[in-house]
Amino acid sequence: MAFDVAGFLRQLDAIFAAQEGPERAQQFLTESLTAAREAHDRGGELTVLNELMGFYRVTSQHGAAVDVVNEALTLTDELGATRSEAGVTTLINAATALRAAGELERAQGLYEHAIDDAERIFPPLDRRLAALHNNLALLRSDLGDHTRARAELTEALVILRGGTADPTRDTEIASTLANLALARFASPLEGAERNTEDDIARAELAEALEIFERVGAADPHAASALAALGEAEARAGRDAQAASAYARALGIIEVCFGPESNAYQVTAANLAAVGGDPRAARAASRPTPSTGQHRRPDLTGLELSRAYWDEVGPGLLAQFPEQAPRIAVGLVGHGSECYGFDDELSRDHDFGPELCLWLTAEDFTAIGAELQAAYDALPSEFRGFTRPADAQRTPRSRGANRRRGVFEIGAFFELITGYRGAPAQDALHEWLMLPEATLAAATNGAIFRDQLGLFSATRQGFKLMPEDVRLALASRRLGMIAQAGQYNVPRMLERRDGAAAWLAIAEMTNAAASLVYLVNGPARIGYLPYYKWQMAALRRVSGRMAARLPGVVVILEEILTLASTACFGTGHAAATGDARTRVVVLIEELARQIVADFRARRWTTSEETFLEWQRPYVESAITADWLRSL
């Protein structure tokens, strides 16, 4: 009789769910291992060994865990599964068990092997890769190698940010940020370097805590982040701030682990050391329920819409029980709020508690009109904001051009891009005709719910710009920066043709902004939005960990600040001359930074800083001959 792997996993889950105790779990695991071997089911045997090594690890039977690790690795080799998903899973489990057993060097080798194999097998933004880098980072920290730990965590963060549907509510991003901050605090630095590292760590912790607070979950990683913040504040002599952070951590630890846990005792001691009262903290640190009825001036459109969905969504779905599992919900498309750049000034039109609901073609035919009516009947007021009626909207967001409500998935993307789904990967000419701002509108925002996954997959398709197209566009941007910026701005300034110089600076700025997005990769950061939000978008991208060309935005903003004086200065001649000279110097610094980045990433081997001469190096990687010659 074949070994029933699915049945084994179900029964094991039931044993753990029923809390039958470690003895019962161990008995079941060993009996299942025997059954798999008797059935000569070697794949089933590997599954049981993976579960068994995890069980021995969590029950601190480290000697037994190491024995199982050795068996599992041998079996993986014999099955020829070393570069399969099963092989990577086994490597990860084995490395984690060895780390718990104190065999750190061997665990490190297995984690590194797992990453090498996983990068060949998994997609570039697979979250399992991020988890692997996180695990290896913890091991690096155990070995005292905090520099390499930071590098692993940075890589994990890049993967998570690139693949998340909503970075503002992604607790894995928050956990990684907290781990990264802890690694920074552990770095053996002194003086100014220590202060700089601590400041960066505090910023990472602040972002992590914002995510945890937005989600509202009592997450152990949130407690870790708060405890780390408490340590940093205490080290800086800010005892009151440290006490506040420790007290908040204590409240979460009590919920997750209880007041008798070691984590609680340690955090309570740290709180007392900075003058706090652990007993008072137990009550004060618990969150106070919010009525949610006041109008928050800092509430973004995405936050408002998500909160609105959390409140009205269950009731709306209950009206369509058959189709509910297939209804996707979120906020994507045109509008400042979809980019996350909205503020109080953005609320003078088309702003309110709104949603997009996306249906398959079949479901749209069946319930589209009925679901739209149910959506229209939802409360129009929420947290002090009112959803505008159709007649109150701007002309480009009403009627056939409406941006919110119920849509068939293909029709939604067609409304924005002209395509029901992303062009085929070999349809390079079609990709070239799609403006970046259009692609930005199709891939921005956040998805609150998508169990079916069809909307998410369609949206992601538009992010997967073919590499040939990305390289071709990057080459064009180099050409524009060279021609408009390096060549024409100095000439137009020399001729005193301020208007021409002004236009050349604008062309160069647009090209440089686009280049930053292209080299960072649409799959990871999306696309450059339309002109209104370009500089805000550059600031946000440049602040990300491992961002490419992070200094470009600073250079562009200084050039734009000087442009009026340089192009049209009518005051002191010396000031005008200084501005012109500085603009030219900044343009060359922009080119220098681009070349340095391209050389570091092996996009070029040339040191030439006139960017027109860099284009052949970038284009050499393009596989389509006709595109390379454009």
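Predicted model: local features only at pLDDT ≥ 70, side-chain atom pairs only at ≥ 80, totals over all residues.
The lining of the second largest pocket draws at least two residues from each of H7, H8, helix H21 (454-463), helix H22 (467-494), helix H23 (498-520) and helix H24 (522-525), where helices are DSSP runs of H or I with at least four residues, numbered from the N terminus. Residues are numbered from 1 along each chain as its sequence is written, and side-chain values use heavy atoms, with hydrogens and water left out.

The space in this second largest pocket comes to about 1,200 Å³, a volume being the space filled by probe spheres set on grid points that are joined across faces, edges and corners. A pocket here is an open set of points, on a 1 Å grid over the protein atoms alone, where a 1.4 Å probe fits, with protein on both sides within 12 Å along at least five of seven lines, and lining residues have an atom within 4 Å of a point. Of the 39 lining residues, Pro124, Leu125, Gly162, Gly163 and Ala523 are the closest to the centre, and H8 gives the most to the lining, with five residues. By class, the lining holds 15 nonpolar, nine polar and 15 charged residues, counting Ala, Val, Leu, Ile, Met, Phe, Trp, Tyr, Cys and Pro as nonpolar, Asp, Glu, Lys and Arg as charged, and the others, Gly among them, as polar.

Turning to helix packing, H7 (residues 127-142) and H8 (residues 146-163) have axes 8 Å apart and pack at an angle of about 165 degrees, with axes fitted to C-alpha atoms over the stretch in contact and angles running from 0 to 180 degrees between N-to-C directions. H7 is therefore roughly antiparallel to H8, the term for angles over 145 degrees.

The contact of H4 with H5 has eleven nonpolar, four polar and no charged residues.

Technical notes
Parallel < 35°, antiparallel > 145°, perpendicular 65-115°, else oblique.
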